[in-house]
Each structure stands twice: as structure tokens, then as C-alpha cells.
Amino acid sequence: MLKQLILDNELPVGTQLLELEAAARLGMSRTPVREAMVRLEQEGMVELRPRHGMRVLPLSGNALAEIYEVITALEGAAAETVARKGAAAEDILAMRAAVAEMDTALMRDDLMAWSQADECFHRLLVKAAGNARLAALVDQVWDQSHRARMMTLRLRPKPVDSNKDHAALLEAIIARDPARSRGIHDAHRRKAAVLLVDLVDRLGLKQF
């Protein structure tokens, strides 16, 4: 629960939270809260301070670039695998529905709904590859990218081109073209990385 609050930027960078305050907020005792804070420190999200609880740590532009480099490589491999072996009909339908939801969300100017549909598409893509170890590795880096995306969601241009990329990737997968699927995916992720890192550097978002 604490981790989700951080990822959704409800506990912004720099937030100080005592164990007692966190326990009251979550409606539980201090022992599990303390254990959760220790795990979050191990994951690099917070810093623990004696008698001061935890402080939410920043995510640097450089760290964000590294995260996207890893995500691009892993998800690109998934896109290539799905296109090569062929996606199940239900996976195609689910990804098509996610693309449609992204389009609808943009027409409503609902960036939060767009972000959720975008994340859904990428998770469906990884799932369709049928590689549990690959999926586990992607999960390890998804959290930090989600955090950055939430912080910059309303600072970036309207993601119309991103929707077009998703639709093109889906068509390449349906056509069972591994090279084209990998190329579209990797270009899409690299554009996103450049955009987000540029926002951090250009606008001086010290919270990262």
C-alpha cells in the first residue's frame, strides 16, 4: 500500500512519514509498517531515518534513462517473440481493446485513463510472450517507470503518436513480422525515454 502511494505520486518525493503516521493512515499496527519501510528502502524508493520514519527518494534523469533502456530490451524481446510464434486470439482482442481505450481516453482528454490503458497494453504484450522469467524481470523495473510517468503525465505533449505506435505494433504482430514488431516497439520506447528524460533535465524537475 505504501509503495502504491509512492508510485501514484500520492506520497511525492521528499515526503517524510513517521511509522506512527503511516500506521494510522493504513489502519494497521506499526510492525508491518516498519517491515514495509525496510523493503522500500531495499528497493531504493525511500531512505529510513532514526526517529523520522521514511523519506521518499528522488529518481534521477540518468536512472530513468537506464530503466527505459532495460524495459526497451526486455519488452522488445517480448514483441519479437509474440510476432514470431503468433499471439493467441484472446491476447490480440485484449491488446486491440487497450488501443481503443487509449484512443477514447485521448478524445476525452483523460490522461489518467490513457496511462492505465497504455500500461495494460504493454503488460498484455509481455504476458503474450509466454515467458514467466521475462515477465518477472519486466515487473522489477516497471514500478520505477510508472512512478516517472505519473510525475510527468500532465507535462508531456498529448500522446497521439504513442497511440499510433501501439496500433502499428499490433498490426505487425498480427502479420507475424518479428523484425518489424521489434523495430516499432523499440523506437516507441526510445522516443518515450528521450521525452521523459528531457522533461526532467529541461524543466529541472528536482523531485526526480
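1. The largest pocket of this predicted model holds about 260 Å³ of space. Its lining is made up of 18 residues. Those nearest the centre of the pocket are Arg156, Pro159, Ser162, Ala192 and Leu195.

2. Three helices, H6, H8 and H9 (178-203), each give at least two residues to the lining of the largest pocket. Helix H9 provides the largest share, with 6 residues. Sorted by class, this lining comprises 8 nonpolar, 2 polar and 8 charged residues.

3. Helix H6, one of the contributors to the largest pocket, runs over residues 111-128 and contains 18 residues. From its first C-alpha to its last it reaches 26 Å, which is close to the 26 Å expected at 1.5 Å a residue. Of its 18 residues, 13 are buried, and H6 is therefore largely enclosed by the rest of the structure.

4. Helix H8, another contributor to the largest pocket, covers residues 160-174 and has 15 residues. The distance between its first and last C-alpha is 22 Å, close to the 21 Å expected at 1.5 Å a residue. Its buried residues are Ser162, Asn163, Asp165, His166, Leu169, Leu170, Ala172 and Ile173. One of these, Ser162, is buried in H8 and is also listed among the residues nearest the centre of the largest pocket. After H8 comes Arg176, with a positive phi near 55°.

5. The spacing of buried positions in H8 may be read against helix geometry. An α-helix has 3.6 residues a turn, so residues three or four places apart point the same way. Among the buried residues of H8 are Ser162, His166, Leu169 and Ile173.

6. The second largest pocket contains about 170 Å³ of space. Its lining consists of Met1, Leu2, Lys3, Leu26, Met28, Pro32, Val33, Ala36, Arg39, Leu40 and Glu43. Helices H1 (2-7) and H3 (30-42) each supply at least two of the lining residues, and H3 gives the largest share, 5 residues. By class, there are 8 nonpolar and 3 charged residues in this lining, and no polar ones.

7. As to confidence, the chain has a mean pLDDT of 91, and 97% of its residues reach 70 or more. Confidence is highest in helix H5 (residues 89-107), at a mean of 97, and lowest in helix H7 (residues 132-152), at 85.

Methods
Residues numbered from 1 in each chain as written. Predicted model: local features only at pLDDT ≥ 70, side-chain atom pairs only at ≥ 80, totals over all residues. Heavy atoms only, no water. Helix = DSSP H or I, 4+ residues; strand = E, 2+ residues; numbered from the N terminus. Expected span 1.5 Å × (residues − 1). Buried < 20%, exposed > 50% of the residue type's maximum accessible area, 1.4 Å probe, protein only. pLDDT = per-residue confidence, 0-100. 1 Å grid on protein atoms, 1.4 Å probe; cavity = no way out; pocket = protein on both sides within 12 Å on 5 of 7 lines; lining within 4 Å. Points joined across faces, edges and corners; volume = space filled by probe spheres on them. Nonpolar A, V, L, I, M, F, W, Y, C, P; charged D, E, K, R; others polar.
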